[in-house]
Structures are given as C-alpha cells and as structure tokens.
Amino acid sequence: MQIKASFASIKIALILLTLFHSELLNAQQNECTAKWINSATGHCIGFPMVTKDIDNDGTAEIICGSTFEGSQNLWHIYKFNPPENDYKQIWTSTYYETSESENITGIEAYDVDGDGYIEILIGTASGMVQVFDGRTRQLKQMLKTSRNPIRFQMADADNDGLTELIISTFDSTFLFNMGNLDHKLGIPFGCLDMKCGNVDQEPSNELVYAPGKVIRLINDSIEIVWSYYQTKYGMVELADVDSDGIKEIIYDNRQENIMVYDADLKKIKYSIEKQFDYYSSTMADVNNDGIAEILLSQSNGAWGGIYCYNMQNGEELWRVYNPEKGSMDINVADTDGDGNLELVWNGKCGYFTYNSLFIYDISTLDQEWKSDFNPVPYMAVKVRDLDNDNIAELILLSNYTSDIKKSRISVYDLESNLLNWVWNTWEFSGLYGFLVSDVDNDGQNEILLAGGSLNSNGLIAILNPVTQELKSVQVFDNLQTFYAIALHDIDNDGKEEYIVSTRSQIHIINSIDYSILWSSAEFHSYVDDATTLIIGNIDTDSNPEILFLNGSILCIDGLTFETWETQERHFSSLSFIETDNINIDEIIAGSSDGQIFIINGQTQNLTLLPIHMPSAINSISAADLTDGGSPEIIFTSGGILHFGDVQGNIISTTKIGDVQGKNENIEISDYNNDGLEEVFVSTCYQIVEFGTDCVKSLGIPEYLKTETASVYPNPSKNQVILKLNSLEPNSKAFVEIYSLMGIRLTGQTLCDKRTTLNLANLSKGIYVLKVTIDGGQTVLKIVKE
C-alpha cells in the first residue's frame, strides 16, 4: 500500500529544519595559521574514508579520518609516492577537539560548486559541514545541518532537473543547491545510511534510507513509496544487478544476511548469507563487466577478510585475508595510477588497539602497501642537520608504552615535508629524551637517546643516522629510567659530560667510559610524567647551572653542586629567557594554573607576568623571533600555541592539540637559512610548523589595549559586559563573536555604550570579539569558563 503525505502535513517539521539550516558562511582564516602539519596515523585510521582524485592528476588520493582517544580528531590525505613505491601522508588537518560536538562523523569529496575541481566535505557531530578546496585544502564554506552529518551524495533528489548536495544525518536530510550551496530543503527523515537513485518504473529519483523507507520528492510533496525492512541500523546500496535499467536496493541489516530488493515489485529478490561477523560493505564494478559487485568485510573471530560477491547470483568471486580481522571502511579506486583498481580498507580497531590501512591490487589480489604503526605520544622534536647538506632535518621522538613497547625516531625533509626515514625499536621500555650532537667527533652528528631498558633501568643509546642502526647502548643496572638528557662541559674541563635525570635524581656521567661522576641526593617528585632538564648560566659566575623541573624547580651549580629549590610546587614547564642583554639567562616557567613567571637566578625572586591562561602552561620557550631586541615567549596552553611578550600581549593560533614532552616539544630554527626562524611544535599526535608571521601580524591578541571598547569580567562563565567609550547617536555599531578558527558564531547591533552579551550557549574556550563602529574595528578576546 502506498502512503502519500502532502507537503502541508509535514510543514511544521520542514519549517523547523529550514530554520535550523546554516546560511552560507564565508570562511575566515586566522592570520596565525600553520605552515605545515603532519600527524600520527592514530589508534584507528581509515574511518571515515573516501578515495577521490582531488588534484585531477589521474590518480585517486586517500582521504580518511584518524581516531585518537576514542574520537575522530584528525583527517589525512595520502598519496602514492612512485620513487619509493609507497604512500605518503601529504596533508593533515588541524586538531579537532575530543568532544561530542567536534568529532568527525562523515567524509566525502565532490565537485559541489561546479568549477571542475573536487571539494572535500567534513561533517562534525555538532552538525557543521566544512567545505575545503581539494587542491589547496583551504576552508571555503561552512554548512549547518542537524547533529551527526554522516552521508553525502550529489544527485537530483527533488526531481527538478538540478543536482543537489544531499546531506543525511541521524534524524534529517538536507538539500543544498549545487554551486552556491544555498540551503534548499529539509526532510524530517534520517538514518545511518542513505542513497539516492531510481529504483522503480517511475522516471524520478527516490531517496532510500537504511531503516527501510523509500521516499520520493516531487515539487511540494513528499511521497513515502515503500517501507521494506525496519531496523535501527543498516547499510544500503543501489545497483542494477539484473541489467534491467532499474536499480535494486541492496540492504545489509548488520546481522546475518545481505538482502536484494526489487522496489518496483516491492519484494525481496534474493539474499546472501554472511559467513561470519560483518563490519562494513561497499559496491563497485571490480571486474569491469558493467555490473557492480558487493564487497564485505567479515571476521570469524580469529581471522578476517574482504569477500567479493557476484550480485546477480550471490556467488563468492574471491576473498583476501585480513590479519586485523574486520574492517570499518572499504574503498575501490586506482590509487597508484597503473590503470588497475586497488582495494583499500582499514583494519578493525578499538580504543586501545592500533590498526593499519591496507592496499591490494584487485587484478592480482597481492598486497601493495600497509601503513606502519606510528607510536604516540610524540615526546620531543629537534631540528638539526643530520646529513651535512647545510639544511636541517626535523627529528621526532615518539613512544608507545602500553601493551607493547615501541619507540620511534622519525626524520622529515623540511624542504618537501615528506618522511625521509624511520627507526623503530621494541628493545626498550621507552625512550623519553634525545639530543643531536657529534658525540664521537667523526664529523657526523649522531642521535643520542635516553630512556629505560625492558627492566626499567636507565639507558643511553647512540643512533647512527647514516646507517640508521644503533652504534652503542649503555644500560645502568643500578639506576632508574632516564626521562631527560643533556650534553655539556659541566665542570669546565674541556670535555662534555652527559647529564641525565630520573624522576627523583640527577646524574652526571662520563661520556667516554660511562662512569658516574656525580649523583644528587634523591628528592621528592611532584609530577608523574616527563621531567625537564636544561643547562645554562643564570648567575654572575662562570659555572653553568643544571635546572630540573618536577613540579618544583631545582637549581644545581655544575661545579660546586650547591643547590636551591623553589618553594612553589606548581610549575609545569621551564626554559631560559634573556631580558637584559648581558648574556645571563633568567628562568621562565609556566605553572599548572596558567601563569608565567620570570625567576632571577641570583636572587631567586619570582616576577609574575600579566598573562593568565585558563589551563596549565604545558611547554614554554623564548626567542627574539622578530629581531626587535626583546624576546617573545612561545608557550602552549589548552592545546593552543601562543606567542606573547613580557607586557602580556598575546597572539594565539588555532587548536593544535595537547602536548606531552614539556619544553622539548617546542623547537625554534631557521632550518633553510633564509634569515627567518620557524617554530615547530610536537603535540601528542602532530608536528605543526608556524612562521614568524604569527608574531609580526596582528593575529588575535589576548589583551588588546584600545580606547574604543573594553569587556569585563573576562574570563566569565555566562555573560560579559561590552563597554564602548563613545557612541554617536547616528553611528552604525555592531558586535560579532568568532571562534578561534574564524567561524562567525553570533552577532548583534549595538545601540548603547553598555551591552550585556550572553555566553551561555558557548562551550568553554577562547573566543574573538569584533566590534565595528562606523567601519572602524576593534578586536578583543574573551574566555568562557
């Protein structure tokens, strides 16, 4: 029985959906944006995933999400690399907050504006859909839907002769005009999966929803054509499996069968019984016979595989075994440009389980590539010349110390931004600190590593970057794991010593015979994670000092071993800063409650800077990036990199993610000798490069000294008061609130000098307030607690 509902009968639902849609937003870019980002593959890579030729070079790229901490936090682009016959990560997104509102729920790629080039669509749990230029990866537009946009398709959904972008969420479907992407229509039906196509004798297209509904849109009416199988979850595909010119509905109920429905006859044609547990499916013409086959990921608990079935008779055509059991997503495309289709899938993954991307040649069923397990978190980053070509490489240390013990050194070419080589080890309980130096005076830099043996004893290892092999490993059976290392002529005898730290002790070690020259008394440790160890001269004598951070700051004279310790126990990061140009360092330290202090090494007096962040200062450094004669302060807090000065002015980047390695995750270097220094930050999962434009540009200051407007209280929980110093009767004034990514969130006209702004609907975080009065603009930053 056909059920027909007039447009008027669902008018209220459509109006609500239409009011909820986004107007097309012009993407506004923060001036302080990253120059380069590279990230780990994540605990679970490849879901969601799409393979499309986004640069029109004839070869499909792999665009996929990556899960950290149980949520899709990043998305990557992988491309075939012919010289090495493998796949390289050529781009990765900025960090997506681990929250219900920012999780990535869907990824697709279409030419949505008709310019001949593909755009990348990223759906997030909040309902926002980001539209990126596929070639430049610049954010072009933002679309608003309801929560969890998960499926995207380009088709004539309303049968008006024009192609629309169709976005399906869990509870609704949205149509956007191709080209300008104006919102066109909202439909009060949604589900986990949806497809659009012609499935019956009528010449119009239908929307087929996985929960078992076939819907037709004609002019001002929505017609429910058929209800076939009612279930909350399921996957649906459309294909003409019998070559009659009409597509059949291939429905997977996520249980025991794949069912093929004839929507014209409104009955099931046949079903395919699954052999094992099912995880994902897709349809593609893998043998070029003009008829699509279905590909299923299945697992029997001990082993998994991708199974290919003939959709005309349900016969199994072939299978490839998957050592990681099931798969969350399957794609088919020519990803290496050889004219043959590749099978691309990701292994099954869990919260504490790493998976891989697999690529097989469908014509031979041979494995072509498997992504490598990249341990996280990233612990430390250095920029040094390893190959004596006068151009520095980026060296990254990462660790995974859960059920398996794996440490890695990754080396990147900063000219191409591609990975040069990696060195992996499973022989240690963990590596936590490293430095680069020619430790054996052979004219070639080595990588010096500090960590723990499998028995958690301290160790020092030397890695040869030419052969990528260990030259030596020294284990100290009577010492605990080393968490930081430095190399310095600490006693001014012309020979450099190793200075290492455990969580509760400092040791000075002879760099030739590894004898222990001195050990501190054991002291209380106020932290459970990585410690910080730096060497510098902070007083008027010629002796270097050893500074050690473990909650408090411990200072040891390198020659006399006289020691002092701060009374404060809340320090979370540590570095040096030179403020008086007399070649004596002062200590700059961040605290767990978001404050920054300068400590005089001679008097031990603390000076509190006018900077107060909502969360801990995780890492800190200082350098004169602009050659202005005074240093800038570079620090991370709340997953954001900040550039500041001693007066309290701050410029902030977008969200880059949390950090693990204290001060060792910030590196400042003019790696290409162009006279401009870059700032490299290693977060738990990413390497991010920023240029000095972040300091030279206005960016978004934390405290903008202005005579036009002020805002208070700041920070605030629910509301702030915006005060204008002057407002003429006929002036045109308004205020707008933006996210740190440049997304406009709200705005209103200003009629009075004093206006209360409601922050109740905003999440905790930092926002930008832009006040415009008769064309003149003032920018301030507000913090929602």
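Q: How many aromatic pairs does a search of the whole structure find?
A: The search finds 21 aromatic pairs. Rings of Phe, Tyr and Trp (its six-membered ring) pair if their centres lie within 6.5 Å. This is a predicted model, where local features need pLDDT of at least 70, side-chain atom pairs count only at pLDDT 80 or more, and totals for chains, interfaces and linings use all residues. Residues are numbered from 1 along each chain as its sequence is written, and side-chain values use heavy atoms, with hydrogens and water left out.

Q: Why is the pair of Trp 75 and Trp 91 called tilted?
A: Planes under 30 degrees apart count as stacked, over 60 as edge-to-face and the rest as tilted. The planes of Trp 75 and Trp 91 stand at 50°, so the pair is tilted. Their centres are 4.6 Å apart.

Q: Which parts does the pair of Trp 75 and Trp 91 tie together?
A: Trp 75 lies in strand 6 (residues 71-81) and Trp 91 in strand 7 (residues 86-92). Strands (E, at least two residues) are DSSP runs, numbered from the N terminus. The pair therefore ties together parts that are 16 residues apart in sequence.

Q: Why is Trp 75 called buried?
A: Buried means under 20% relative accessible area, exposed over 50%, partly exposed in between (1.4 Å probe, protein chains only). Trp 75 has 0%, so Trp 75 is buried.

Q: What makes Lys 52 a charge over the ring of Tyr 110?
A: The rule asks for NZ of Lys or CZ of Arg within 6 Å of the ring centre and within 35 degrees of the ring normal. The charged end of Lys 52 sits 4.3 Å from the centre of the Tyr 110 ring. Lys 382 lies over the face of Phe 434, at 5.9 Å from the ring centre.

Q: How many disulfides does a search of the whole structure find?
A: The search finds zero disulfides. A disulfide is a pair of cysteine sulfur atoms within 2.5 Å.

Q: Why do strand 32 and strand 35 count as edges?
A: Two strands pair if DSSP finds at least two bridges between them. The open sheet has the order 32-33-34-35, with antiparallel pairing. Strand 32 (378-384) and strand 35 (418-425) each have a single partner strand, so one side of each is left without a neighbour in the sheet.

Q: How do you know that strand 32 pairs with strand 33?
A: Six bridges join strand 32 to strand 33 (residues 393-400). The two strands run antiparallel.

Q: Why does Ile 584 count as buried?
A: Ile 584 has 15% relative accessibility, so Ile 584 counts as buried. Ile 584 is found in the loop between strand 48 (571-577) and strand 49 (586-591).

Technical notes
Helices (H or I, at least four residues) and strands (E, at least two) are DSSP runs, numbered from the N terminus.
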